[in-house]
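Dear colleague,

Please find below the structure that I am handing over to you. My findings come after it.

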Amino acid sequence: MNKTYKVGIIGATGMVGQRFVTLLDRHPLFTPVVLAASARSAGKTYREAVDGKWAMNVPVPAYAREMPVLDAEADAKTIAGQVDFIFCAVNMKKEEIRALEEKYAKLEVPVVSNNSAHRATPDVPMVIPEINADHLEVIAAQRARLGTKRGFIAVKSNCSLQSYVPLLHPLKKFGIRCAAVTTYQAISGAGKTFESMPEIVDNIIPYIGGEEQKSEEEPLKIWGHVEDGVIVNAAGPVITAQCLRVPVSDGHTAAVFVSFENKPSKQEILQTWADYAGEPQALALPSAPAQFIHYFEEDDRPQAKLDRMTEHGMAVCAGRLREDTLFDYKFIGLSHNTLRGAAGGAVLLAELLAAKGYFD
């Protein structure tokens, strides 16, 4: 791919928006030309808008510091005239997000969304690029519904799914009967740091609103198929989930239990993980990890602090695979929730869309 694209970041001042700003610094395909946020930040430079709330461990990129922040809603037409597509990571009510994303799509701007508002919309693809790239074909039907030629919405899945769905997916060939998952989710998933979430220090919070329902239902859309212009969810496998907020800055960990129709050997599982790759690897997309799944042999790995940045935070890590007394097997998964799970996953999805011509 030699073509480059002009990009807008909507919701640029939030934690995921900040991650987009850093990831797109000198990106080989995408050049950020617009930063937008709420009316509260509009009119400020980006440096002024994030002053006191910059949460990244690197400075604000030079390209972004003096860029003016536009109003994501009031300036939508202006933004649409300047960009080839947008990333959307706004903090609004779901119905407001749905309206905003459709507004941009109807202005003929493709929307690559980090938000959950459209994940259940039947003709909006929810894509983990290594798993269900074929769902992008539903975009044609979505464009027909919206009455657009270029505009559409594509979304990435919930951040916690990245810590276990990529590990279960290659094993579906053995016939997964059911799975139980407990996720231990970092505070950045709530847009927080230890400074802004003091209640998490020396604590575990056993509830994250809406998270367990997403963890159980979203994999079925990812494992579904396109039929008659919509995505039909898979009937199974059944997943039951519990989701805990833990005192970790970045990195969602999952404890996974799984049973099979045709129980594989441990070596068959390890080989399946080692061999698995998807379209991002075949296309050598810029953000794609060379090895999608990394397995750690050590008993005490993967660890969020040590392993979340594997392959620049875009790989999925696994460890502690062993037989179980109730299920067939149990193992640990880990992914970086604001890289693979949020902004990085959306950038990879955008690279896939670009490679397949959806922005042209």
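The notes below cover a sheet and then some aromatic contacts.

This is a predicted model, in which local features need pLDDT of at least 70 and side-chain atom pairs count only at pLDDT 80 or more, while totals for chains, interfaces and linings use all residues. Residues are numbered from 1 along each chain as its sequence is written, and side-chain values use heavy atoms, with hydrogens and water left out.

An open sheet of mixed pairing is formed by six strands, in the order β10-β7-β11-β14-β13-β12. Strands here are DSSP runs of E with at least two residues, numbered from the N terminus, and two of them pair if DSSP finds at least two bridges between them. β10 (238–245) and β12 (293–296) stand at the edges with a single partner strand each, so one side of each has no neighbour in the sheet. Strands β11 (residues 252–260) and β14 (residues 329–335) are antiparallel and pair over seven bridges; Val256 stands opposite Phe331 in β14.

There are 16 aromatic pairs, counted where ring centres of Phe, Tyr or Trp (its six-membered ring) lie within 6.5 Å; planes under 30 degrees apart are stacked, over 60 edge-to-face and the rest tilted. Phe30 and Phe87 have ring centres 6.3 Å apart and planes at 70°, so this pair is edge-to-face. Because Phe30 lies in strand β2 (residues 30–37) and Phe87 in strand β4 (residues 85–88), the pair ties together parts 57 residues apart in sequence. Phe30 is buried at 1% relative accessibility, and Phe87 is buried at 0% (buried means under 20% relative accessible area, exposed over 50%, partly exposed in between, with a 1.4 Å probe and protein chains only).

Kind regards

Key. Helices (H or I, at least four residues) and strands (E, at least two) are DSSP runs, numbered from the N terminus.
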